[in-house]
Structure formats: C-alpha cells, structure tokens
Amino acid sequence: ILCVDENYHNKILGFSLMPNRATMSFKNFLIIIKKRVGNIKVFLTDRFKAQIEALKSVWPETKIIYCAV
C-alpha cells in the first residue's frame with residue numbers, strides 16, 4: 001500500500017506476502033493496516049473483486065477509485 005504525504009512524496013504504508021488472493025487474505029492484511037493508520041479516505045485500485053470486497057469490509061466509508069487500465 002502506497003500513500004502520498006503532506007509534502008506530496010510517495011510513502012510505503014505496508015506490504016504483505018499473502019498465502020493467496022482470497023478476500024479473507026486481503027481483509028486480514030487490511031485489518032492490520034487499519035490498526036496502525038486508522039481510517040483511509042480514498043483507495044486507488046484495480047478491479048480485483050477480492051481486494052475490493054476486503055476494502056469495503058474493513059473501510060465501509062472509503063471511496064474506491066479504479067485504475068483506468
């Protein structure tokens with residue numbers, strides 16, 4: 001997960017080596033991130049269904065923006 005800080009610099013928020021690409025694997029990772037950084041207002045992501053479902057589950061109020069490609 002990358003973010004842009006207040007000085008417009010890219011920062012790594014977190015990364016994970018997950019056992020698979022299932023919704024629960026994404027969700028477990030995102031729960032750890034949420035405990036450390038709190039609420040995230042916007043996510044930019046591709047259209048991978050398991051990832052989107054996990055995002056909506058962990059951050060139901062977040063805005064999800066999809067990559068153009």
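A polar contact is a pair of N or O atoms within 3.5 Å; inside a protein, one atom must be able to donate a hydrogen and the other to accept it. I wrote that down before opening this predicted model.

**Entry 1: T45**

I began with T45, which I found in strand β3, residues 42–45. Is T45 buried or exposed? Its relative accessibility is 5%, and buried means under 20%, so T45 counts as buried. Next I looked for a polar partner. The side chains of T45 and Q51 are joined by a polar contact of 2.8 Å. I also listed what T45 touches, skipping residues up to four places away in sequence: Q51, I52, L55, I64, I65, Y66 and C67.

**Entry 2: L55**

L55 was on that list, and I followed it into helix α2, residues 49–58. L55 has a relative accessible area of 2%, so it is buried too. Which residues does L55 contact, leaving aside neighbours within four places in sequence? I noted L30, F43, T45, P60, T62 and I64. I checked one distance as well: L55 and T23 are 32 residues apart in sequence, and their C-alpha atoms are 9.1 Å apart in space.

**Entry 3: helix α2**

I then asked which residues of α2 are buried. They are A50, I52, A54, L55 and V58.

A reminder to myself: in soluble globular proteins, nonpolar side chains tend to be buried together. With that in mind I looked up the largest nonpolar core, which has 13 residues. Those with the most contacts inside this core are L30, I33, I40, F43, L55 and W59. Both α1 and α2 supply at least two of its residues, and α2 gives the largest share, 5 residues.

W59 made me curious, and I listed its contacts in the same way. Beyond four places in sequence, W59 touches L30, I33, K34, G38, N39, I40 and F43.

**Entry 4: the largest pocket**

Last, I turned to empty space. Rolling a probe the size of a water molecule over the atoms shows where such space is left. The largest pocket holds about 450 Å³. It is lined by 21 residues, and I1, L2, V42, F43 and L44 are the closest to its centre. Elements giving two or more residues to the lining are β1 (2–4), α1 (23–37), β3 and α2. Which element gives the most? That is β3, with 4 residues. By class, I counted 15 nonpolar, 5 polar and 1 charged residues in the lining.

Definitions and conventions: Residues numbered from 1 in each chain as written. Predicted model: local features only at pLDDT ≥ 70, side-chain atom pairs only at ≥ 80, totals over all residues. Heavy atoms only, no water. Buried < 20%, exposed > 50% of the residue type's maximum accessible area, 1.4 Å probe, protein only. Contact = heavy atoms within 4.5 Å. 1 Å grid on protein atoms, 1.4 Å probe; cavity = no way out; pocket = protein on both sides within 12 Å on 5 of 7 lines; lining within 4 Å. Points joined across faces, edges and corners; volume = space filled by probe spheres on them. Nonpolar A, V, L, I, M, F, W, Y, C, P; charged D, E, K, R; others polar. Core = buried A, V, L, I, M, F, W, Y, C linked by side-chain atoms within 4.5 Å.
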